[in-house]
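I opened the file today to go through its chains one at a time and write down what I looked up. The entries follow in the order in which I made them.

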Amino acid sequence: MAAAALQPARAPAVGVFWLFVLPFAALTAVFGVWPIVLSIQTSFTASASALKPSPTWVGFANYLAIFADPVFVASLWRTLLYTLLAVTSTIVLALLYALLLNSALVGRGRTFFKLAVFLPVVTPDIAGYVVWRWLFDQSFGALNIALAALHLPTFGGLASTSTVLQAVLVAELWHHLGFYVVIFLANLALCDKGQTEAADIDGATALQKFWHVVLPQLRPALLVNSVYALIQYLKTFTVVAVMTKGGPNDATNFLSYYAYQLFDQGRYGEATAMASVLFAIVIVLAVGLMRVQARGTGS
Amino acid sequence: MHQAARWQKILAWSVAGLVSFVCLYPYYWMLVSSFRTSKAILASPLRPWPETLSLDVLREIAMVGGTPLWRYALNSLVITGASTVLGVVVTALGAYALVRRPHFWAFRLLRAGFMVTIMYPYMLLVIPVYIVMYKLGLLGSYSGIVLFLALGPIQFFLLEQFFRTIPKSVIEAAVIDGATEVQILFSVVMPMAMPVVATASIITFLLNWAQWLPVLVVSRSPDTYTLPVALMNLNGELGVNFQGIMALSVLITIPVTLFFLIAQRRVMSGMTAGAVKG
């Protein structure tokens with residue numbers, strides 16, 4: 001009865017909320033939903049007519065064309081492999097580092113260590129990557145000079161197809177890791193200390209405590225971090241644009257970068273078809289991950 | 001037992017110290033190199049301090065790609081500032097409405113549309129946005145760049161998360177007192193939301209300051225380029241100007257670094273807020 005009485009009072013109020021939401025809705029529609037629809041639509045048209053009012057429809061021709069393009073197929077596999085590598089190393093390293101910073105061992109140093117690892121997150125990525133580009137340089141880079149001074153073998157860096165993915169990954173980890181560390185730290189702060197103490201009394205080893213007590217409580221951060229990292233590494237772009245231009249020999253020519261190059265050449269149909277493929281992968285993987293996680297928590 | 005704790009502590013500090021060194025060294029190298037001539041950098045790349053503390057490099061990068069440096073700097077300030085103010089106001093109003101009327105079908109549809117937008121690979125969203133800007137006649141305009149940069153996921157989640165925590169009783173009390181929704185927003189909700197709005201503004205500023213691809217794609221000439229786009233151009237030029245690149249990187253990095261150090265707690269908790277609890 002009370003709820004029913006509230007209904008009429010609420011109905012007129014939606015009008016005002018419409019007003020509040022209008023600018024946000026306009027921006028989302030014009031610079032979000034419309035471009036996405038347009039992109040999907042463009043992927044079914046011929047590139048030459050894409051910008052014209054009545055484009056030529058070509059059905060799935062662009063999709064067939066990109067899957068017949070060996071550069072694209074190689075780029076797709078490369079992107080997936082790199083994403084797998086990058087997401088795994090990001091989650092593992094961020095988790096280990098968060099556990100270290102959360103332990104009593106670092107004590108008062110925590111504030112500084114946290115700042116140091118987070119600073120690159122807010123540093124404009126271009127500025128960071130131009131520096132890394134030169135730190136990796138074969139002859140003038142700090143990294144190889146330091147390695148040589150320590151009589152260690154030199155690192156191929158960006159010049160060699162066998163090391164360029166690692167070099168790009170290091171630069172990306174430098175830029176992104178702090179974000180994931182801080183999310184893990186926020187989750188660790190919410191963990192139930194009583195459970196760990198109870199495990200201590202039961203005589204559990206450090207590894208047992210981590211596996212059976214801490215890790216299950218870190219589920220929220222693990223889920224969020226995996227989804228964020230997945231979306232972020234699938235669209236790896238700036239690091240490639242700054243450091244390698246997709247090279248050497250296409251070794252870092254990831255999907256986003258290849259699609260953007262085609263767009264730059266005016267091949268809109270194929271570029272947007274690639275965008276759709278990447279979008280589909282992001283949606284399937286992200287939703288799949290959330291499903292798996294939801295089932296795991298038994299909710 | 002005590003002995004073990006001691007070497008564990010030393011190990012922990014060493015690991016954290018090494019990680020921090022790797023995180024911070026690029027800044028140090030960037031700063032030192034910005035004072036050294038390209039020739040000197042190539043001759044001894046690891047020199048820990050510059051030969052001279054001259055600011056001559058500023059004259060060298062006074063023009064980048066035929067456009068004066070101050071123009072890029074001014075563009076950066078104007079575009080980042082305008083997109084931050086617009087973005088936070090628009091997103092705050094939108095998120096507030098979506099939280100207050102979460103079951104209204106049109107609002108649910110809008111939220112879904114926004115979610116899809118932020119899931120779409122950002123770099124590839126820029127391609128169709130170019131077509132949209134072309135159709136709206138916004139290519140090459142400041143308004144086109146500012147409008148596109150105004151929309152972002154982190155400020156939305158941060159504000160939405162906050163509005164959800166406002167107790168229903170607070171709003172109901174205001175309704176009983178006869179306040180209109182506009183009055184509730186401005187005299188009840190907004191005063192409470194000020195700290196979150198400040199955090200959202202700082203974060204949006206930091207993120208938009210770093211943007212380059214949308215600026216590059218929507219622009220028609222260097223007249224609307226920001227500092228990161230100028231750096232991108234300098235980085236791509238033949239006959240690499242090490243010193244210029246490093247000096248420009250320093251110019252881009254210093255303001256956001258200071259901003260971050262001053263507001264570090266807000267930025268770190270804000271960027272990760274809602275992620276775990278939400």
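This is a predicted model: local features need pLDDT of at least 70, side-chain atom pairs count only at pLDDT 80 or more; totals for chains, interfaces and linings use all residues.

**Entry 1: chain A overall.** I then took the contacts in chain A with a separation of 6 or more, and residues 24 or more positions apart account for 68% of them.

I went through the secondary structure of chain A and found 13 helices and 0 strands. The radius of gyration of chain A is 24 Å, well over the 19 Å that the globule rule gives for 299 residues, so I noted chain A as more spread out than a compact globule. Along the principal axes, the C-alpha atoms of chain A fill a box of roughly 80 × 75 × 30 Å. Of the 299 residues in chain A, 41% are buried.

Entry 2: I looked up phi for two residues here. Most residues other than glycine have a negative phi. A:K245 has a phi near 55°, a positive value in a residue other than glycine. A:D250 is not a glycine either, and its phi is positive at about 70°.

Where does A:K245 lie? I placed A:K245 in the loop between α11 (238-243) and α12 (255-264) of chain A. A:D250 is also in the loop between α11 and α12 of chain A. I counted A:K245 as partly exposed because it has 14 C-beta neighbours inside 10 Å. A:D250 has 16 C-beta neighbours inside 10 Å and so counts as partly exposed.

**Entry 3: chain B overall.** I moved to chain B and listed 14 helices and 2 strands. Its radius of gyration is 23 Å, well over the 19 Å from the globule rule for 278 residues, so chain B is more spread out than a compact globule. The C-alpha trace of chain B spans about 75 × 70 × 30 Å along its principal axes. I noted that 44% of the 278 residues in chain B are buried. For contacts in chain B between residues at least 6 apart in sequence, 75% join residues at least 24 apart.

**Entry 4: domains of chain B.** The domain assignment divides chain B into domain 1 (1-54) and domain 2 (65-272). I took the centres over C-alpha atoms, and 33 Å separate those of domain 1 and domain 2 of chain B. The contact takes 8 residues from domain 1 of chain B and 7 residues from domain 2 of chain B.

Which helices supply at least two residues each on the domain 1 side? I found α1 and α2 (38-43) of chain B. The most comes from α1(B), with 4 residues. By class, the domain 1 side that touches domain 2 of chain B has 3 nonpolar, 4 polar and 1 charged residues.

**Entry 5: a helix pair in chain B.** I looked at helix α10 (residues 181-210) and helix α14 (residues 264-272) of chain B, which pack at an angle of about 85° with their axes 9 Å apart. That makes α10(B) roughly perpendicular to α14(B). On the α10(B) side I listed B:T199, B:A200, B:I202, B:I203 and B:L206, which meet B:R266, B:V267, B:G270 and B:M271 in α14(B). The residues of this contact divide into 6 nonpolar, 2 polar and 1 charged.

**Entry 6: B:I61.** I found B:I61 in the loop between α3 (57-60) and β1 (63-64) of chain B. Is B:I61 buried or exposed? I counted 22 C-beta neighbours inside 10 Å, so B:I61 counts as buried. Leaving out residues up to four places away in sequence, B:I61 touches B:L69, B:G244, B:A247 and B:L248. I also checked B:I61 against B:Q243: they are 182 residues apart along the chain, and their C-alpha atoms are separated by 9.2 Å.

**Entry 7: chain B against chain A.** I finished with the interface, where 73 residues of chain B are in contact with 78 residues of chain A. Helix α1 (residues 2-34) of chain B gives the largest share of the chain B side, 13 residues. I sorted the chain B side by class and got 57 nonpolar, 12 polar and 4 charged residues.

Terms used. Residues are numbered from 1 along each chain as its sequence is written. Chains are lettered from A and ligands numbered from 1 in the order in which they are written. The radius of gyration is taken over C-alpha atoms; the globule rule is 2.2 Å times the number of residues to the power 0.38. A residue is buried if 20 or more other C-beta atoms lie within 10 Å of its own, exposed if 12 or fewer, and partly exposed in between; C-beta atoms are placed from the backbone. Two residues are in contact if their C-beta atoms, placed from the backbone, lie within 7 Å. Axes are lines fitted to C-alpha atoms, for helices over the stretch in contact, and angles run from 0 to 180 degrees between N-to-C directions. Angles under 35 degrees count as roughly parallel, over 145 as roughly antiparallel, 65 to 115 as roughly perpendicular and the rest as oblique. Ala, Val, Leu, Ile, Met, Phe, Trp, Tyr, Cys and Pro count as nonpolar, Asp, Glu, Lys and Arg as charged, and the others, Gly among them, as polar. Domain bounds come from an automatic or database domain assignment.
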